[in-house]
Amino acid sequence: MTQALLWTAASAVLPGIAHVRMGRRWAGAVILTCYLLFIAALVGGGLVVSGNLVLSATLATQNHWLLLMGVTAFVVAVLWMTVVVHSYVITRPESRTFGRRLVAGAVVTVLCVAVASPAAAVGYVSYTAYDVSTTLFESAGSEPHDDADPWNGQDRVNVLLLGGDAGKNRYGMRTDTMIVASIDVETGDVVLIGLPRNLENVPFPEGTALAERYPAPYGFDNLLNEVYQTVVDEPALAINPYATDPGADTLKKVIGFAISLDIDYYALVDMQGFEDIIDAIGGIRVYLEEPLPYGQRGEYIDAGWQLLDGRKALWYGRTRVNSDDYSRMGRQGCLIKYVAEQADPATILTSFRSLASAAKSTLRTDIPQPKLPHFVELAEKVAKADMETLQLSPPQVNTAYPDWEHIRALVHHAVYDTPLPAASGEDAAPDVGLSPESSAADTGETPAEQPEPTPHSPGRQVGEEATALDELCP
């Protein structure tokens, strides 16, 4: 029996060898040849995929490839276990005691589990990725897509990054974090445009229900971070009520109109779930110029380089203790930079299960599936490219009485590095901004005072030019 088990174990490593040993050379040769061809295909495919980021991302994000990998893994596992069992059947001795049969069955079972485990792991990862992909990312829909020209001739792709504050102890969700990432598709250079949550008089695109409800020149009668929940509470105000998330889709279009920038996609993350995402990638290292208030018991995170887990990273990005909204915006820009630079592919793969679970429960986006491989390639460029930030906050922007024409000029100059062309006639943007002086004259109210700038902190924007994040975030 010992010899039979040894040949069976050998067949688990080199399928077909037990058949050859027992004189079944034709069957053994076929099995061994198929096995070697399979190994050669895996090695060759690995070499091809490892040198092609778009191809590897396509295999990891497209549903049909994920399903094919899962089915292939299952078929290979079944065939391999069948070979192992049959190898023992043809090599076992004729007479065996009950005890020996029991031992042999246990050994063969262990061998079957051993050969099936890698295939099971591949199948599980494939299914998890398929589940996340179908849950999070929209189908291609009517949007044109060409792998040879994934950005439809655009020089830049603009993505609205939203952070929501939904929680058990509060009603609805406000988008306190609103950052437009404008990415150069060739170089990966990024301009992060931070919009304060307390921007007022936000204009709405003409012809929409929102514009009828809140007409120019005054615009929205609440803060910018309330637009999302306003649409959720009253779906008839949505610009596209059939969108997967009408509130986020409407906010994307509203912000794009307000700053005169075509925003292609949005990504909305629940800030509480943000903790799980940071934990899944192994934490994030940040630089603190001074100790940062942390928790509700008067604790601090020490100055200098610190490795933050998810909870501390959330405090880093959201706390306003001893600071203000605008310093917080600066830290959020740094957080994006640190995540982009430090997200290690190996760590992501090893933590794929927890990362997928966190993303599925906390992330919403309108990025179509066919674009995912190209976003992966773009992310690779971004990690090595330059990042700049422009905060639309005091002193360059009066958040209580924003001059939207000035804001549009700031954004255009930051993104395209050229002044905004003068528009006239039908091409002119509507004059929806209210300066403090004109507003006071029209309404008799005293212009709201702008908060004094706080001391410099990472990402603090103090001028009208976009600032390199390398200068602000070590």
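I started at Gln332, whose side chain makes a polar contact with the side chain of Thr177 at 3.0 Å. For a polar contact I took a pair of N or O atoms within 3.5 Å; within protein, one must be able to donate a hydrogen and the other to accept it, and residues adjacent in sequence count only if both atoms are side-chain atoms. The model is predicted, so I kept its limits in view: local features need pLDDT of at least 70, side-chain atom pairs count only at pLDDT 80 or more, and totals for chains, interfaces and linings use all residues. Residues are numbered from 1 along each chain as its sequence is written, and side-chain values use heavy atoms, with hydrogens and water left out.

**Entry 1: around Gln332**

I placed Gln332 in helix α12, residues 325–342. Helices (H or I, at least four residues) and strands (E, at least two) are DSSP runs, numbered from the N terminus. I then checked burial: Gln332 is buried, with a relative accessible area of 7%. Buried means under 20% relative accessible area, exposed over 50%, and partly exposed in between (1.4 Å probe, protein chains only). A polar atom of the Gln332 side chain also lies 2.8 Å from the backbone oxygen of Gly317. Leaving out residues up to four places away in sequence, I found that Gln332 touches Thr177, Ile179 and Gly317. Contact here means heavy atoms within 4.5 Å.

**Entry 2: α11 against α12**

I looked at how helix α11 (residues 310–318) meets α12: they pack at an angle of about 135 degrees, with axes 7 Å apart. That makes α11 oblique to α12. Angles under 35 degrees count as roughly parallel, over 145 as roughly antiparallel, 65 to 115 as roughly perpendicular, and the rest as oblique. Axes are lines fitted to C-alpha atoms, for helices over the stretch in contact, and angles run from 0 to 180 degrees between N-to-C directions. From α11 the contact uses Ala313, Tyr316, Gly317 and Arg318. From α12 the contributors include Arg331, Gln332 and Leu335.

**Entry 3: the sheet**

I traced seven strands in an open, mixed sheet, in the order β9-β4-β1-β2-β3-β10-β11. β9 (363–365) and β11 (467–468) are the edge strands, each pairing on one side only. Two strands pair if DSSP finds at least two bridges between them.

At one end, β4 (residues 265–270) and β9 pair in the antiparallel sense over three bridges. Ala267 stands opposite Thr365 in β9.

Next I followed β10. β3 and β10 pair in the parallel sense over five bridges, and Leu192 has Thr389 as its bridge partner in β10. β10 and β11 pair in the antiparallel sense over two bridges, with Thr467 of β11 as the bridge partner of Thr389. Four of the five residues of β10 are buried, so the strand is largely enclosed by the rest of the structure.

**Entry 4: helix α16**

I noted that Asp403 caps the N-terminal end of α16, with a side-chain oxygen 3.2 Å from the backbone nitrogen of Glu405. Buried residues in α16 include Trp404, Ile407, Leu410 and Val411. The buried residues of α16 pack against β1 (156–164), β2 (175–184), β3 (190–194), α9 (246–259) and β10 (387–391). After α16 comes Asp417, whose phi is positive, near 60 degrees.

**Entry 5: whole protein**

I logged 18 helices and 11 strands. Of the 474 residues, 46% count as buried.
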